[in-house]
Amino acid sequence: MTLFRTSLAAFAAIMIGAFSAASLSPAHAAGGGTKPPAHDWSFDGPFGTFDRAQLQRGYKVYREVCSACHGMSLMRFRNLSQKGGPEFTEAQVRALAADFKISDGPNEQGEMFERPGRPSDGFPKPFPNEQAARAANGGAYPLDLSVIAKARNYERGFPLFLLDIITQYQEGGPDYVKALLTGYEDPPKGVELLPGQNWNKYMAGNIIGMPNMLNDGQVEYPKGPDGKSPVPETAKQYAADVVAFLMWSAEPHMEQRKSIGRQVFIFLLLFAGLLYFTKKRIWSRLPEHAPGAAH
Amino acid sequence: MSGPSSYVPKLGIAKWLDARLPLPRLMYDSFVAYPVPRNLNYFWTFGGILMLMLVSQILTGVILAMHYTPHATLAFTSVEGIMRDVEYGWLMRYMHANGASMFFIAVYIHIFRGLYYGSYKAPREVLWILGVIIFLLMMATAFMGYVLPWGQMSFWGATVITNLFSAFPIVGETIVTFLWGGYSVDNPTLTRFFSLHFLLPFMIFGVVILHVWALHVTGQNNPTGVEVKAVAKDTIPFTPYATIKDAFALVLFFAFFAYFLFFIPNYLGHADNYIPANPAVTPAHIVPEWYFLPFYAILRAVPDKLGGVLLMFAAIAVLVVLPWLDTSKVRSMSYRPLARQCFWAFAVTCVMLGWLGSRPAEGIYVTLSQLFTALYFAYFLIALPLLGLFETPKKLPGSIAESVLGKMKGGSGAVVGAAAPAEPNTKG
């Protein structure tokens, strides 16, 4: 018995030791980037929806800035008018697509030809292949952005990662990408960057090929009735808008998912409640569960 | 437990069929008249939940397979096509991916329930071993399923896990080449994993039938661990009692499932798997899905590769011999004060191993992994064999009925045996 108590006490001591040892060991964020601050997104939480105007602005930022190097191979122009997205009108989408020359063919003579884009076309690729992309970018390969908002995350740590279940925090990706876009700094003293390298506070390892691309006043936003843009035309705002757009492109059916989810979840809870009372009623036929049974 | 059949066909066609293929009789005896210990708690509802999870995985999986393309250059895009362009494809895919996690949550609760209440002991050894086989098949299925989206974690997870077999002397390399269908994880690996991922769930289904069959021969264990002595007193019919209780628990579990599926569908996954597989770029940390983390920690606890692999397989193999390692005659830990504390220490050990599996294999984490690996095996190889020899169990109730109905009559200290024989009113 004493031996047993001792071993249990030893076990408890091991547990405490394990936790404290682990908390003293160096932090393991994915390679040393600063944790990004949380942004208040319109699409977070169980009732979150995308802000149409923000997605439309975000598309404008993507098209005027990002698309020079980054493709979105999973996106079609028609997606821009689908429900739950930026919801451009179909006429607007036709006009947006027609701005691009798309290579099509072969025609009846066996030749490729160019024609204006249609809503069914994919977003045009900035480079014909990876080699061309690398050649134009000092050896770096600009990533495809279709699902980038879900392909990035940062470590939340204990106990936040458990709380995230209750708070439904799913915006690690968007928070990280937004922070990254505005996270450029001068390198610390003594760090020499090679040509084509840039210093970013949030990048794992801090060195990133992409230079700072967003500057205040760079993209002109649609004007409100007073002749001014309803949101500031700043790098911060551009970053938030384009990331919202990227989140939508990564999860185009998010609104439908959450809306169906609310109905399913409430239905299941109500159904469970009814089943609980039915169960109680049926089990009350047993003597030990009869009303008035002493326990 | 399965006594003489009480099925009485009433309709003419039922009588006709009963004389030729008594399938309705089998169903009636298994899911209506089947006697269930009257004291089962809600941990006993997970068997039914698991059955439904298997059905859910097979249904969503069959639909996904209609739209999925098992090819190294197309798999990632086809999964995204399901998410974007297939009507409710996102629902099928998230249901399938989160369903795998829910399946494992349920199976772990089911296994730990068995460990706590001693459900592995005679005469349920075969039932238990069939369960371990199902668990192994589930792990193989889940692993291969995770490879199919062909993201970075798919690819590198497959590389790490298949490489384990290369640790075996002489045959190792041959096995790995055979698994890969070539000299690295590539398209042939993906296609054979897809084929096997489709096949294995049906093998699970087959073993589940054996598992249920074995269960219906021995009857269920129960929280007291005392065998059913008098069917009339100790048990209640499956329908309506267990049916309605299982239904309630099932719907509640599906509400939990729905919460993940609809509101945090990527919580249990890894962001890197939204990056298409790239053999030229290794992720910073390769981690398996959460349900493999404890075993992954055991694997990496050993500096020697072969040792790690053997220990990881031993962690599951030890479950097979568990019925003979536990020397105690008492099944339920409720009556084993020392074993119960060891059980909870073991549960904490498993959680710690899970956490360590998610850490990089360096520094203090390796030492901790070794420590908790030792504790994991100590539970099976030291605690359970020895405790049965020197532990004094608490007094067991005379019967299931006594443990339930006795409490009603007397207060604490009353002689439970004196409780009036209860006549369960089970006519409904």
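Buried area is the accessible area, found with a 1.4 Å probe, that two parts lose on being put together, summed over both. In this predicted model, the area buried between chain A and chain B is about 5,600 Å². Carbon and sulfur atoms give 72% of that buried area.

**The contact between the chains**

- On one side 60 residues of chain A take part, and they are in contact with 63 residues of chain B.
- Three salt bridges are counted between chain A and chain B.
- One salt bridge joins the side chains of Glu288(A) and Arg38(B), with a distance of 2.6 Å from N to O.
- Between chain A and chain B there are also 14 residue pairs in polar contact, counted where both residues have a pLDDT of 80 or more.

**The side of chain A that touches chain B**

- The elements that give two or more residues to this side are helix 1 (2-24), helix 5 (148-151), helix 6 (160-167), helix 8 (235-250) and helix 9 (254-283) of chain A.
- Helix 9 of chain A gives the most, with 18 residues.
- By residue type, this side of chain A divides into 36 nonpolar, twelve polar and twelve charged residues.

**Chain A as a whole**

- The secondary structure of chain A consists of nine helices and four strands.
- Along the sequence, these elements follow the pattern α-α-α-β-β-α-α-α-α-β-β-α-α.
- Chain A has 295 residues, and buried residues make up 39% of them.
- Of the contacts in chain A between residues at least 6 apart in sequence, 60% join residues at least 24 apart.
- The accessible surface of chain A comes to about 16,200 Å², and carbon and sulfur atoms account for 60% of this surface.

**A closer look at Gly105(A)**

- Gly105(A) lies in the loop between strand 1 (101-104) and strand 2 (113-116) of chain A.
- When residues up to four places away in sequence are not counted, Gly105(A) touches Glu111(A), Met112(A) and Phe113(A).
- Gly105(A) and Arg115(A) are ten residues apart in sequence, and their C-alpha atoms are 9.7 Å apart in space.

Definitions and conventions:
Residues are numbered from 1 along each chain as its sequence is written. Chains are lettered from A and ligands numbered from 1 in the order in which they are written. This is a predicted model: local features need pLDDT of at least 70, side-chain atom pairs count only at pLDDT 80 or more; totals for chains, interfaces and linings use all residues. Side-chain values use heavy atoms; hydrogens and water are left out. Contact means heavy atoms within 4.5 Å. A salt bridge is a side-chain nitrogen of Lys or Arg within 4 Å of a carboxyl oxygen of Asp or Glu. A polar contact is a pair of N or O atoms within 3.5 Å; within protein, one must be able to donate a hydrogen and the other to accept it, and residues adjacent in sequence count only if both atoms are side-chain atoms. Ala, Val, Leu, Ile, Met, Phe, Trp, Tyr, Cys and Pro count as nonpolar, Asp, Glu, Lys and Arg as charged, and the others, Gly among them, as polar. Buried means under 20% relative accessible area, exposed over 50%, partly exposed in between (1.4 Å probe, protein chains only). Accessible areas come from the Shrake-Rupley method with a 1.4 Å probe; for residues, only the protein chains shown count as cover.
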